Amino acid sequence: MKREGLKPRRRKRRKGRPRKWINRFIKLFLLFSLLGILALLIVGLIFKDDMFDLYKEVTSKIEHINESTFKDKVETVIYDKKGDVITEVASHDYYYIDDKKIKDDIKNAVVAIEDVRFYDHKGYDLRAIARAGVELVKNKGDIKQGGSTITQQLVKLQFLTLEKSYQRKMEEVLIAAELEKVFTKDQILEFYLNNINYGNGAYGIETASRTYFNKPSRKLTLSEIAFLTGIPNNPSIYNPVNHKKNTLKRRDLILFKMKEAGMITAEEYDIALAQKIRLKMPEKEYQPESYEVSFALSSATKLIMEEEGFEFKYWFDSDTERTMYYEEYNEKFLDVNQKIRNGGYKIYSTIDMKKQRLLQESVNKGLASYTRKDGKTGLYAMQGSAVTIDNKTGDVVAIIGGRTQNDKANTYNRAFLSYRQPGSIIKPLLVYAPAFEKGKLASSVMVDKKVRKGPQNATGRYLGSMTLREAVERSVNTIPYQIANQFGSKTMLSYLEEMEFSRLVPSDDHIGIAYGGFTYGTNALEMASGYATLVNGGQFIKPTGIRKITEASSGSIIYKNKHTKKRIYDSGASDLMINVLKGVLNHRIGTGYGYALSNMTSAGKTGTTNNYKDKWFAGVTPYYSTVVWTGYDTPQSIGQDDPPHRIWKDYSEKIHKGLKKVDFKKSGRLSYMYINPYTGEVDKKNNHGWWKKELVPEVYYELQEKRKAEAEKKRQIELRKEKERQAKIEEERKKARAELLEKYNVTEAEVQQLDGYAENAIATLQGLSITSEVDISNSKELIKAAKGMIKNVPLPDSRNSFEKRYKTQVDRLNTEENLYNARIKQIERDSRKSKYESKYQQSESKYKDYEQQQSQKDQVKDKEQVKPNPKPNPKPNPPRLPKPETEDKDKDKEQVKPKPPINDTTDKGSEGVPPSLEDEIEIPKKDNTKPSEPKQPKM
């Protein structure tokens, strides 16, 4: 019963489930449809202006489409600055083939690999569009995958750039849909097969057949057809010349697709797969081209490459990276260049044909004395190149790639193809202008001296201290070397990289570049552009030499020169550089002295490489920047001659004739300021009584103020840190203080009170001095009291401090007490001394009287001795001194004491008589008896 009851319920769920999911699907479909419509409305509102512009552009292009748009290949025309035709570039190896003559295998191969639903859609494939939409979302508006139909690819080839964006994709779809309305599928396939790029300059299947196999397409085998069909997907990767293995893999895939689509049998597939492909490429012939034409074609090629998404690079971190880049670059360049040569373009150059002729004449004239010719080429061995740029626009107005001669075409354009060592001409761009931007001045002093492992000067001499202005004028090598050492070679190279110097390599990252030591070097075009950048206030304008490029058939603009400026140098630094370069031509010490123009303000720089293999001259005026190079194609010494100097002056005098003489335009970031010659500090207003006035870039002042601000900021930071440190120390001190008070069970008030008592006691001792017995007595009492107060100080540190101060005062008072006692004793000694001296003087007076009496007696004796035959007289007794008479009888009994010594430490001698007197007098002894009178001698 239970099983029977469950079956109907299961059947009901199974029957109801499909209806339920159908309802859900319908609801979801309606929901997503509404969301899709809403999204389209939102997109339309957001991009309504873009959509309107897109519609107008598509309508304009469709109006001009006809069969001749795809079939008629008109010549590429090159125009000069005024719009006059310079030349028409005709294609000599392009072949167009009609639909009836195109083999079915060729059509099938293309359809199988590129657009298998070609005959079913109406110019666009919704599946491919959906795939592109997914990629659009994934890559945030940047489409990485196309999936276009053959019709869309044809539209892209003829009317659009290779840019991958949603606008281009929409434009492509709209034009493709219109194209399908105008032409049949066979016609569209015919147009496609005759315009697609097969690499190596071959456009169209017939041209490709003759380029790679040297035979018409009707004679191609199935394997060869599949081989050629694989190239257009990516002419670089599937280039048969450089990557034949890749092309063969692509061929195998195409053959498999054809078999899978039923276009060929399995047997045909196997035979084609087994065939070995052997290329048979004939040599191409090129007509000689003038220098302005070769430059215009090269520049147009690079500009179209850039429009089609090629990213140019000017610095490489490794040689491997550089090699890979140039492999891709060369393939792309050859393809686009051949496409231009095949026709269909109008190239409007910036060349001024009058200046072009004048520059060529000056080059020929300046090198006329060099008549030796190369044995292999038949060209003059000594060659030259020159480029002139209009400073105002950055346009190349003249470009000369070599000397002309009647017997031989000299088509190699050295002005942009030949890379040579620049010598000293590179210093203003690479060293001095950057130095002026980074804190150096024209007046900055450096020492021209021999540098270990550094360069030598061309003169072989070193001149010691000199300003940077003088260093530029003399073109010394040691100072640029020192500057480059200071700022680093990578910093220097970055300036050239920004100005698109194209032959920089990792091995150039060394200090030797400061005086022109590069791996490959540079050319006249790059140098002229660099000097024009200095004249233009440090702003670089790419020297394309092209005003615009258009399609010949539709008139659509492919490229238009907007003369975009890019900041390279600070304008004040570049202005100062031009000011310094004036001295090279106008100061006697300058290497270009004597070559200044007579009718125009001018500046310049010379350049010479080792052994005089290359000679350069860069000359600039407010109107034009011109660089001239001279040398041999195979480098060898030119000698002391300076042909580029003469060429520049001869040419520049002519092109400036009739122009108003003006000075170089200043940007406003170079002005006179006062400078302290000892410190380098500048002041805009105050000369401080003695500071010198000179030209200073604003960037120098800004750097100074920045340093001051940074120093002040650092000072404030240090002050804040010091305050924080002191606060932390105070906090720690308070914490330690609290712990200490707690340890000794005392309050802060008690400590302050007891410390105060001790402090007062110490202060009292400090104010006390010993001048009397009373002071001694008081000091004893105060010392005792202070000791007791200090003993009551509760904290050990404070107590120890007080004890040290206490001991100092006690020692002082003891010393003063000793000094006081010594003075008292000295006074007593002085008193005794005074008494002794008084008595001594009395004794000395009596002694003198006695001596006189004795002298008289001796005279009497001498007279008596004159008598004849006297008897011998016995020796008399020694005389005795008479008893000294004193005023006081009691004092007569005292012995005469000598004068007391001044110093207690002096030896007192016998009985207190000073040793100095003891040997000179006989001191009377104590004796109360009278001295006996001397005996009279016998007569």
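Q: In strand S14, which residue is the bridge partner of Trp616?
A: Two strands count as paired if DSSP finds at least two bridges between them. Strands (E, at least two residues) and helices (H or I, at least four) are DSSP runs numbered from the N terminus. Here the partner of Trp616 in S14 is Trp629. This is a predicted model, in which local features need pLDDT of at least 70 and side-chain atom pairs count only at pLDDT 80 or more, while totals for chains, interfaces and linings use all residues. Residues are numbered from 1 along each chain as its sequence is written, and side-chain values use heavy atoms, with hydrogens and water left out.

Q: How many bridges join S13 to strand S14?
A: There are 7 bridges between S13 and S14 (residues 624-632), and the two strands run antiparallel. They form a hairpin, with 3 residues between them.

Q: How does strand S12 pair with S13?
A: S12 (residues 603-608) pairs with S13 in the antiparallel sense, over 6 bridges.

Q: Is strand S13 largely enclosed or exposed?
A: Buried means under 20% relative accessible area, exposed means over 50%, and partly exposed lies in between (1.4 Å probe, protein chains only). In strand S13 (residues 614-620), 7 of the 7 residues are buried, so the strand is largely enclosed by the rest of the structure. Asp614, Trp616, Ala618 and Val620 point one way, Lys615, Phe617 and Gly619 point the other way, and all are buried.

Q: How many residues of helix H17 are buried?
A: In H17 (residues 427-437), 11 of the 11 residues are buried, so the helix is largely enclosed by the rest of the structure. Among them are Lys427 and Glu437, along with Tyr432 and Phe436. After H17 comes Gly439, which has a positive phi, near 115 degrees.

Q: In what order do the strands of the open sheet lie?
A: The 3 strands of this open sheet lie in the order S16-S15-S17, with antiparallel pairing. Strand S16 (682-683) and strand S17 (692-697) are the edge strands, each pairing on one side only. Strand S15 (residues 670-675) is joined to S17 by 6 bridges. Tyr672 stands opposite Leu695 in S17.

Q: How many salt bridges does the count come to?
A: A salt bridge is a side-chain nitrogen of Lys or Arg within 4 Å of a carboxyl oxygen of Asp or Glu. By this rule the count comes to 39. In one of these, Arg341 meets Glu289, with 2.4 Å from N to O. This pair links distant parts of the chain: Arg341 is in helix H14 (residues 319-341), and Glu289 is in the loop between helix H12 (266-274) and helix H13 (291-307), 52 residues apart. Arg341 is buried, with 16% relative accessible area, whereas Glu289 counts as partly exposed at 21%.

Q: Where do Arg474 and Glu470 lie?
A: Both lie in helix H18 (residues 468-474), 4 residues apart, about one turn of the helix.

Q: Which residues are linked in a network of salt bridges?
A: Glu306, Glu500 and Lys542 are linked in such a network. A separate example is the salt bridge between the side chains of Asp641 and Arg646, with an N to O distance of 2.8 Å. Asp641 is partly exposed at 26% relative accessible area, and Arg646 is partly exposed at 33%.

Q: Is Lys82 exposed or buried?
A: Lys82 counts as exposed, at 72% relative accessibility. Its place is in the loop between strand S1 (76-79) and strand S2 (85-89).

Q: Is Asp104 exposed or buried?
A: Asp104 counts as exposed, at 53% relative accessibility. It belongs to helix H4 (residues 104-114). The C-alpha atoms of Asp104 and Met263 are separated by 9.5 Å, although these residues are 159 residues apart along the chain.
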